[in-house]
Amino acid sequence: MATHLITRAEAAHPVPATTIREDDIDIPTLLTTLGDHKWSILFGTMLFFAVSAIYVLLATPQYEANAVVQVESRPPTVPGLNAGNAPQAPPSIDAPAATESQLLTSRRVLGEAMERLDLDLSAKPSRLPVIGDLAARAQQLMQPDALAPPLFGLDQYGWGGEKLDLGRLDLPDTLIDVPLQLIAGERGRFALLDPDGKALLQGRAGQGPVTGGGVTIDVKSIRANPGMRFEVKRLNPMAIMADLKSKITVTEQGRNSGVIALTYSNSDPVRAKQVLEQITQAYSRQNVARNSAEAAKRLQFVTEQLPNVRRELADAQAALNQFQSRTGTLDVAVQNKALLDQSIALDASIQQLLVQRADIASRFTTAHPVYESLQRQIGQFQAEKSRLMSRLSQLPDTQQGLFRLNRDVEVTNQTYANLLDQAQQLNIARASAIGNARVIDPADVNMDSPAWPKPLLVVAGGTVLGAMLMVAFVLLRQMFKRGVEDPVDIELLGLPVYASIPFSAKGHQIATRSRRFSRDRQRLLALRSPTDLAMEALRTLRTSLHFARLEMKNNMLMIAAPSPGVGKTFVCANLAVTIAQAGQTVLLIDADMRRGTLHHAIGVRSEGGLSELISGQIDLEQALRKVPGTDNMTFISRGAVPPNPSELLMHPRFGTMLAELARLYDVVIIDTPPVLAVTDAAVIGHHVGTCLMVVRWGHNQQREIAMAKQRLEQNGVDVRGAIFNAVQKHGSGQYTYSYYDYQPLRNPSAAR
């Protein structure tokens, strides 16, 4: 007598199938997710730790040289023209450090340092990739200043201690920035090759320049094993200065302090110190030169004026002597002496202002405030001179002539004396000029501690970065994966969860290992490991189905799934075995005629199954196969893959066959193709009394389950519930939906 299966009663207030719970981010869930993937995070962190450690070992150390320069904001004073009553130009209020920082890395300063150190010449020994630099550094630590012998017979590479001192390398423009090969020979001999390996010239170190083919090279000394190669290159000066500028850091120490710190890093600590030393020295020299340049320019102007004033003085004296001889007048009357002195003073002041105006005009425009101030003073003195001349016009002609000539001589003489005094002061100023910048701390470098890489910082930083990236990767993958991990998410869709089947490592091992050894070997967890926790969950499902049989229209149970890979075949096969072990006759049908794999689990071949039965190629007795290990279970395989599976399932013979089989067995379990992939499940669902959907933990998304349920219901198939498969003890709900491992005692007498 057939036993009918029914589902458990639905909730009194079912939740609409379209209701989907929004995922709320909470700290416990995030921590649980990180705990679930702790081994992945640990592996990634250790990988970053290893990479950081390897980088510290292989990276070329960079040594940092530093120097400190002080810049004073006082404007330089130039003797001579800065003295007197002339108005001075307003001092610049710009921050001196901002300007000097740009000058420190200007091409003028860097170019001088480059020329003194020959930075545009590059001569590097060839190293074995990856480990060559590490081996050379290790050799120098163990045997400083010793030439390492070739390793592994690779004499073309340098292994430590090699040195090439180039005094000169002249190349045509076509070979600028082109690496050339210099091969060391016996007793200091060498050969220079072009990039194609063609010999350009040969020579011996220490014997002066060698010229050939438009190339001139002067090798002062060479220390290398015979056959070892150097990469020699003449670099573009502009590229060298750009590289220097990018590597030199110039920062002001404190706001408006005028103290500037410079740093420069290089793999060679000596070269790093030399470069920064030359830059600070070149900057200091140029700073002094800028300040002495003004004195030199003014000295040139004064020197040009002296011959003219000397001629004017000679002409004025000659004219006075001639006038006195002609008129017999020896001196200006006593009553006119005061007027003469006043006139001379005015003319001397005007003449001095004119000289200063000419100097200012050579440096500024006529709209400059200093130039305008000088022009106003000249106008005032000339106005006073005009008033004085009106008084002198009342004197006799002889007295006026003598007065005018004496005034010209005295004024020109004072002007000449002033110019001579200024020339002497400017000569002293040019020779003793000092700049407003000085080097406080000369360039120096710590040769015992490279600035980079810092082992502790790099390894710790790399490890922390690896941990952060792995945590971010795990969280992002979890965010985009969005697989259901809580049965509540399934029940919100209106699907009661009939059972939560924990992930079975034993079942996965049986399935994968058996496939390697035998195609027909049985892979049923219910028979190979009946005490597995997954089997206890299937027995719970069997009990639920057994006591819910009164509301079923027939005894046929269809197991569906939204997508492939959810473990639907595992659930069908092992559920059938558990029902058969309870004493009921069970028929298991593989209705997935496209890619069904139930025959692998049972341990039989797929031929001679459902497709041949529906098409009439075989009869029912030929399709039914007993399952080894169970007395009450029968199996129908999928058969040969037909070209039209859906049409076969819609054939009337399929419905007639199911009705006949339902009378022969207590339970008929049908394994169907995925719902969202093909329509076969919807066709089969019209014949069965119960449809359960298998959902895999962390695999199926909530919307995917809702879409599969909606598609079946649109075709008139009522999905009664869900089976939550491969549940792992992770995530929310792990305590509510887990099973205890309650194994029988291996030695019952020990418990007495």
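The phi of Arg187 is near 55°, a positive value in a residue other than glycine. With a relative accessible area of 77%, Arg187 is exposed; the classes are buried for under 20% relative accessible area, exposed for over 50% and partly exposed in between, with a 1.4 Å probe and protein chains only. The model is predicted, so that local features need pLDDT of at least 70 and side-chain atom pairs count only at pLDDT 80 or more, whereas totals for chains, interfaces and linings use all residues. Residues are numbered from 1 along each chain as its sequence is written, and side-chain values use heavy atoms, with hydrogens and water left out.

A positive phi near 55° is also found at Ala726, again a residue other than glycine. Ala726 lies in strand β20 (residues 721–727) and counts as buried at 5% relative accessibility. The peptide bond from Trp452 to Pro453 is cis, with omega near 0°, and Pro453 has its place in the loop between β12 (437–445) and α11 (455–481). Most residues other than glycine have a negative phi, and most peptide bonds are trans.

Helix α6 (residues 237–247) contains Ile240, Met241 and Leu244 as buried residues. Seen down the axis of α6, its buried residues fall within an arc of 95°, so they line one face of the helix; the arc is that of the directions from the helix axis to the C-beta atoms. The C-alpha atom of Ile240 is separated by 7.4 Å from that of Leu119, although the two residues are 121 residues apart along the chain. Leu119 has its place in the loop between α4 and β2 and counts as buried at 11% relative accessibility.

Asp120 is found in the loop between α4 (107–117) and β2 (121–125), and is buried with a relative accessible area of 12%. Its side chain makes a polar contact of 2.4 Å with the side chain of Arg234. A polar contact is a pair of N or O atoms within 3.5 Å; within protein, one must be able to donate a hydrogen and the other to accept it, and residues adjacent in sequence count only if both atoms are side-chain atoms. Lys568, found in helix α16 (residues 568–581), is buried as well, with a relative accessible area of 9%. The side chain of Lys568 is joined to that of Asp671 by a polar contact of 2.7 Å, and also reaches the backbone oxygen of Thr672 at 2.7 Å.

The structure holds 14 salt bridges, each defined by a side-chain nitrogen of Lys or Arg within 4 Å of a carboxyl oxygen of Asp or Glu. The table lists some of them.

| Salt-bridge pair | N to O distance |
|---|---|
| Arg116 and Glu112 | 3.5 Å |
| Asp680 and Arg594 | 3.1 Å |
| Asp718 and Arg720 | 2.9 Å |

Arg116 and Glu112 both lie in helix α4, 4 residues apart, about one turn of the helix. Asp680 lies in helix α22 (residues 680–685) and Arg594 in the loop between β15 (586–590) and α17 (598–602), so the pair ties together parts that are 86 residues apart in sequence. Within this pair, Asp680 is buried, with a relative accessible area of 0%, whereas Arg594 is partly exposed at 31%. Salt bridges that share partners join Asp120, Arg168, Asp170 and Arg234 into one network.

The structure holds 1 aromatic pair. The rings of Phe152 and Trp159 have their centres 6.1 Å apart and their planes at 70°, so the pair is edge-to-face; rings of Phe, Tyr and Trp (its six-membered ring) pair if their centres lie within 6.5 Å, and planes under 30 degrees apart count as stacked, over 60 as edge-to-face and the rest as tilted. Phe152 is exposed, with a relative accessible area of 67%, while Trp159 counts as buried at 3% relative accessibility.

Note on methods:
Helices (H or I, at least four residues) and strands (E, at least two) are DSSP runs, numbered from the N terminus.
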